[in-house]
Amino acid sequence: MLGVPRPPPQAYMPNRTTEGSRAFQLRRLAESTLGSGNLRVAVRVPDGELLEEWLALHTVDFFNHLNILYGTLTEFCTSRECPVMCAGPRFEYHWQDSSSVKYRRSTRLSAPDYIECLLNWTQAQIDDETLFPTALDASFPPNFVDRIKAMLRRLFRIYAHIYNHHFAQVCALRLEVHLNTSYRHFFLFVSEYQLIDPKEMIPLAEINEAITEENARSM
């Protein structure tokens with residue numbers, strides 16, 4: 001039921017991430033590169049690897065990170081405290097899902113209700129074998145990149161809401177390093193492959209500029 005804090009679902013681990021599989025090797029490579037501190041290098045698809053596989057792997061990871069991060073804030077992000085899903089006073093988000101009768105039209109929701117819809121919708125995309133195939137001989141659909149763009153564009157809104165409305169609570173919980181690292185990875189990744197229109201990311205423009213400048217200095 002909407003409005004009730006939802007426990008974050010279990011992290012998605014497709015069958016292809018079993019040890020020895022290509023996706024497992026990609027995940028290990030991504031994790032080892034992240035540890036080097038150079039995220040700009042970490043987000044680049046390894047030579048000879050399938051871009052779609054790389055996009056799928058990171059999209060699932062961002063979804064899992066956000067589930068965990070937002071799961072720590074559900075007692076603060078309530079319908080009373082956050083009656084509208086927004087990112088500061090200038091940006092308000094309404095939920096729409098063409099596959100849902102209830103939300104076929106753009107609907108104004110509280111932040112926790114919106115985020116619950118968004119996470120459930122994203123989970124359904126990830127669980128869709130035609131979009132995220134797990135069989136070793138399966139291929140990604142022709143519209144895969146466009147679908148990934150839609151998912152990441154919406155997931156960005158959770159980061160934007162957390163930074164604009166719950167950052168003090170994140171700091172009180174001593175989770176700011178986790179949030180900042182997760183978002184920095186997210187921003188560099190979507191920028192590398194131009195997966196989100198820059199206008200969509202204006203709510204975090206100052207943070208984005210700082211990440212870009214820091215990354216330029218480290219190159």
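A residue is called buried here when its relative accessible area is under 20%, exposed when over 50%, and partly exposed in between (1.4 Å probe, protein chains only). The structure is a predicted model, in which local features need pLDDT of at least 70 and side-chain atom pairs count only at pLDDT 80 or more, while totals for chains, interfaces and linings use all residues. Residues are numbered from 1 along each chain as its sequence is written, and side-chain values use heavy atoms, with hydrogens and water left out.

Let us start with the overall fold. The protein has eight helices and zero strands, helices being DSSP runs of H or I with at least four residues, strands runs of E with at least two, numbered from the N terminus. Of its 219 residues, 47% count as buried. Taking a contact as heavy atoms within 4.5 Å, residues 24 or more positions apart supply 70% of the contacts with a separation of 6 or more.

Cys82 is found in the loop between α3 (51–71) and α4 (111–127), and counts as buried because its relative accessibility is 6%. Its contacts beyond four places in sequence include Cys77, His161 and His166. His161, by comparison, belongs to helix α5 (residues 144–165) and is buried, with a relative accessible area of 0%. Beyond four places in sequence, His161 touches Cys77, Cys82 and His166, among others including Met85 and Ile115.

The structure holds 14 aromatic pairs, where rings of Phe, Tyr and Trp (its six-membered ring) pair if their centres lie within 6.5 Å, and planes under 30 degrees apart count as stacked, over 60 as edge-to-face and the rest as tilted. Phe62 and Phe186 form an edge-to-face pair because their planes stand at 75°, with ring centres 5.1 Å apart. Phe62 lies in helix α3 and Phe186 in helix α7 (residues 176–192), so this pair ties together parts 124 residues apart in sequence. Both Phe62 and Phe186 are buried. One aromatic cluster includes these two residues together with Phe156, Tyr159 and Tyr183.
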